[in-house]
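Look through the sequence and the model below before reading on. The text then goes from single helices to the packing of the chain.

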Amino acid sequence: MNSVQQEVDERSNLTGTNKFELLLFRLGGDENGERSELFGINVFKIREIVAMPEITTVAGAMPHVLGVVNLRGQIIQVLDLPAIAGVKPKTGLNIMLVTEFARTTQAFAVESVEEIVRLDWNQVMSAEHSAGSGMVTSIARLPEENGQPGRLAQVLDVETILRNMNPDAGPEINRQTVGATIQIKPGSVVLAADDSVVARALIEQGLEAMGLPFIMAKSGKEAWDQLNSIANAAESEGRSVHDKVALVLTDLEMPEMDGFTLTRSIKKSGRFANMPVIIHSSLSGTTNEEHVKNVQADAYVAKFSAEDLANTIRRVLRQ
């Protein structure tokens, strides 16, 4: 486990070539603990990995909340991830993954940690149309081993998991929280990309409250293809893509093409010169914010505050 933690600490610069690293772990299997499936979470979301500490149970806690731990003076809620996934660990809850994203810190209890693998986002396919509860956002195809087809790992949609745990705790989104309607060129839209079902729903509610028409994509590649299609249509009409797209709003973690690669592609293309791009992500920290500058995004805003998103869009559009 210590070697895995060391690998987590060393990861800081994988955004240049559409690559990322996935921490692989197991939760358990059927009622006998058999057929244990492989799960994954982006290393950038992991703050640390620790052996399961003593947990203090909390009276009246929601189902699947094991309690809280005191980790170097910080009180952190611990969630029973196998129970959430509907599986049973064979050897118990041995490891705690401490995660930071979407302005929150929480811990997930898992059975075991396997390894960290480096993947290209084009090795990750959307799982939206697969059977399941919606807690899996995508499926990662791992490299071949000894000539055998690579294993599949289910990439967890932590945003959806946390929202399902407490559906009434979502942000308030209305005209009062976002302020006055944001004006863009008539006939133009905001092109938004996010692979999380929950995140897309929040973004759509926020943009609607701001009075902004939008097109929603489920990956960076889909957004890139949409942008080029819109540009082709505009050019055939003797117009500019800026007449049809006011700005691009993109998540970072997405199958096929991540938000860094999408932003870099837009900014390096003469076709889309001066197209505003806002990165809207649950990944936080100075390292990611530095990467945002490196790909020349116009702004970064952490998920999810409709008010912050509206203020960022106004600032980028200079309203």
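Which residue just after α6 takes a positive phi? G238 does, with a phi of about 75°.

This is a predicted model, in which local features need pLDDT of at least 70 and side-chain atom pairs count only at pLDDT 80 or more, while totals for chains, interfaces and linings use all residues. Residues are numbered from 1 along each chain as its sequence is written, and side-chain values use heavy atoms, with hydrogens and water left out.

The term pLDDT stands for the predictor's confidence in each residue, from 0 to 100. The chain has a mean pLDDT of 86, and 87% of its residues reach 70 or more. Among the elements of the chain, β12 has the highest mean pLDDT (98) and helix α1 (residues 2–10) the lowest (52). Over residues 8–12, pLDDT stays under 50.

The chain holds 9 helices and 16 strands. Both kinds of element are DSSP runs numbered from the N terminus: helices are H or I with at least four residues, strands are E with at least two. Of the 319 residues, 51% count as buried. Here buried means under 20% relative accessible area, exposed means over 50%, and partly exposed is in between, with a 1.4 Å probe and protein chains only. Contact means heavy atoms within 4.5 Å. Among contacts between residues at least 6 apart in sequence, 63% join residues at least 24 apart.

Return now to helix α6 (residues 220–236). Its 17 residues reach 24 Å from the first C-alpha to the last, close to the 24 Å expected at 1.5 Å a residue. The expected span is 1.5 Å times one less than the number of residues. The buried residues of α6 are G220, A223, L227, N228, I230, A231 and A234. They cover an arc of only 160° around the axis, so they are on the same side of α6. The arc is that of the directions from the helix axis to the C-beta atoms. An α-helix has 3.6 residues a turn, so residues three or four places apart point the same way. The buried residues of α6 pack against β12, β13 (214–217), β14 and α7 (259–268).

Helix α5 (residues 197–210) can be checked by length too. Its 14 residues should span 20 Å at 1.5 Å a residue, and its end C-alpha atoms are 20 Å apart, which agrees. Buried in α5 are V198, A199, R200, L202, I203, G206, L207, A209 and M210. Just after α5, G211 takes a positive phi of about 80°.

M210 also belongs to the largest nonpolar core, which has 26 residues; M210, L212, L249, I278 and I313 touch the most other members. A nonpolar core is a set of buried Ala, Val, Leu, Ile, Met, Phe, Trp, Tyr and Cys residues joined through side-chain atoms within 4.5 Å. At least two residues of this core come from each of β12 (189–193), α5, β14 (245–250), β16 (299–302) and α9 (306–317). The largest share, 6 residues, is supplied by α5. Apart from this core lies another, of 25 residues, among them L81, I84, L97 and V113. In soluble globular proteins, nonpolar side chains tend to be buried together.

Next come the aromatic rings. Rings of Phe, Tyr and Trp (its six-membered ring) pair if their centres lie within 6.5 Å; planes under 30 degrees apart count as stacked, over 60 as edge-to-face and the rest as tilted. By this rule there are 3 aromatic pairs. F20 and W121 form a stacked pair, 3.8 Å centre to centre with 15° between the planes. This pair links distant parts of the chain: F20 is in strand β1 (residues 19–26), while W121 is in the loop between β8 (112–120) and β9 (124–126), 101 residues apart. F20 is buried, with a relative accessible area of 3%, and W121 counts as buried at 5%. The rings of F25 and F39 are stacked too, because their planes are at 20°, with centres 6.3 Å apart. F25 lies in strand β1 and F39 in strand β2 (residues 38–42), so the pair ties together parts 14 residues apart in sequence.

Finally, compare two single residues. S138, in strand β10 (residues 136–141), is buried, with a relative accessible area of 1%. Q183, in the loop between α4 (175–178) and β12, counts as exposed at 53% relative accessibility.
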